[in-house]
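This report describes how two chains meet in a model. The sequence and structure come first, and the description follows.

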Amino acid sequence: MANIMNSLYNMRILDDLARQETVIHKLHSLMKLLTTVSYLTVVVSFGRYEIGGLLPFLIYPVMVFTLAELPVKPILLRILIVSPFIIGIGILNPFFDQQGYLLGERVISRGWITFGSILLKSGLTVTAALLLIATTGMDRLAGALRMMKIPRIFVLQLLLTYRYISVLMEEVARILRAYSLRAPNQKGVHRSAWGSLAGQLILRTFDRAQRIYEAMCLRGFAGEYNTGGFKEIRAWDLSYFIGWALFFAVARMYNIPMLIGSLITGVIK
Amino acid sequence: MSHHKLEVKDLHYSYPDDHKAVKGMSFCIYHGESVGIIGANGAGKSTLLMLLMGVIFPSQGEVCVGDVHVTKKTLPMIRKSLGMVFQDPDDQLFMNTVYDDVAFGPRNYKLDEKEVEKRVLNALELVGILHLKDRAPFKLSGGEKRAAAIASVLSMHPDILVMDEPTAALDPKSRRKVMKLLTSFNHTKIITSHDLDMIFEMCDRTIVIKNGEIAADGVTSEILVNAELMDACGLEIPLSLQNCPVCRTKKV
């Protein structure tokens with residue numbers, strides 16, 4: 001149960017990080033969103049066997065981590081949370097795709113290459129998404145989405161889901177606390193109580209959500225989630241996006257590690 | 001200043017399960033009054049507040065704020081002049097920072113961001129938590145949360161403040177602070193509470209509710225000392241007016 005409360009506190013860490021005032025944090029949220037979207041598009045566009053070409057894309061997260069002064073550990077931990085799904089998707093590749101592939105002097109199955117590329121791609125994309133939230137914050141991100149003319153119903157859905165997760169988790173924590181105090185010798189929740197606990201949870205969450213919604217309506221909420229005025233886009237914000245977009249385009253078109261490699265071997269020869 | 005008047009005429013409300021929560025209530029609250037609404041659990045206090053705020057609508061009768069009837073159409077206007085502080089501040093505070101929470105109302109009324117900032121800082125200063133403006137609401141203490149919830153309503157510049165149990169779950173010192181704060185406001189105040197000592201100190205007028213009906217409506221100092229009435233309504237006279245527990249001296 002302590003774990004749930006901890007994760008509740010941890011969940012908000014991205015919001016806390018987003019309140020810093022570094023070069024990256026001060027950038028316009030729309031430009032950061034566009035940069036991330038172009039990064040994701042380019043990374044996903046690589047073929048199954050192209051691991052080498054992906055390597056230059058490590059520069060982007062490394063740069064953002066450094067410039068935004070973000071702690072690496074909490075963000076890496078969040079990537080680990082999704083890793084079981086990614087491994088689940090990729091782990092069968094080595095068995096199905098057994099064609100040999102020459103790596104230096106060793107022959108390995110091509111399945112391992114695709115597995116590695118899935119791992120790398122998902123690692124990069126999840127990191128980029130987390131970095132976007134940790135440097136922008138959910139509210140400003142929603143503002144950026146609205147600026148991109150994403151329908152407000154979707155943006156609202158996103159924001160409210162994000163808000164209600166904590167409501168749900170608080171209720172879970174309370175129910176589990178009440179349960180564990182009266183069932184001291186049990187590990188976890190006995191299956192006979194699963195049904196009623198889940199039922200309780202959903203009813204309580206409904207109630208709570210209803211009260212929060214009423215409180216919002218009483219303060220003039222009419223379907224639009226206003227997160228304050230938008231900053232103007234400065235030349236520096238625009239150049240941040242253009243700079244990265246150019247880099248992504250170049251790194252997509254030319255295999256930079258290969259070029260550097262051939263350059264060095266050329267010099268040696 | 002008739003627009004601060006709040007009038008309730010022959011109000012009836014039944015829940016979908018046919019439970020009659022409010023049965024024919026009528027009263028009028030004038031500008032600048034502090035009115036306490038008291039009653040046992042389930043007497044209909046919270047339902048009455050919800051009816052006043054237009055969260056639910058009466059099956060019969062009407063609520064008027066100033067000269068405007070509370071209907072779906074007039075809600076935006078009504079809610080501008082009526083500010084409600086919830087019993088549980090956690091229901092009211094849901095944004096990332098205290099600042100954003102207090103700004104939520106003004107921003108919904110499409111105020112200029114400069115005006116929003118002015119109002120937010122003003123409200124936070126009024127309740128004495130300006131230094132907490134960048135903190136996450138869920139990390140505040142009970143008293144601080146209550147203050148933030150009050151600020152989030154004050155920033156909308158309401159004419160009438162409606163408060164559901166403003167001193168519930170507060171330690172004695174925080175309770176005193178909140179009471180002092182509320183006394184310092186010139187708004188018309190409607191307060192429901194089981195904290196009868198607080199009602200005794202803060203409200204000039206008290207409405208006692210019993211089983212969905214008004215059992216008494218009058219001057220607080222007369223109603224709260226009426227032990228018979230209080231007992232019949234499932235209440236007691238305020239602790240501060242009861243006999244001294246040590247020497248048994250009679251106070252009333």
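Between chain B and chain A of this predicted model, six residue pairs are in polar contact, with both residues at pLDDT 80 or more. A polar contact is a pair of N or O atoms within 3.5 Å; within protein, one must be able to donate a hydrogen and the other to accept it, and residues adjacent in sequence count only if both atoms are side-chain atoms.

Three elements of chain B each give two or more residues to its side that touches chain A: α1 (45-53), α3 (89-92) and α4 (98-108). Helices (H or I, at least four residues) and strands (E, at least two) are DSSP runs, numbered from the N terminus. The largest share of this side, six residues, comes from α4(B).

|---|---|---|
| Nonpolar | Ala, Val, Leu, Ile, Met, Phe, Trp, Tyr, Cys, Pro | twelve residues |
| Polar | the others, Gly among them | six residues |

Four salt bridges (a side-chain nitrogen of Lys or Arg within 4 Å of a carboxyl oxygen of Asp or Glu) are counted between chain B and chain A. One of them joins A:R219 to B:D101, with the closest N and O atoms 3.6 Å apart.

Residues are numbered from 1 along each chain as its sequence is written, and chains are lettered from A and ligands numbered from 1 in the order in which they are written. Local features need pLDDT of at least 70, side-chain atom pairs count only at pLDDT 80 or more, totals for chains, interfaces and linings use all residues, and side-chain values use heavy atoms, with hydrogens and water left out.
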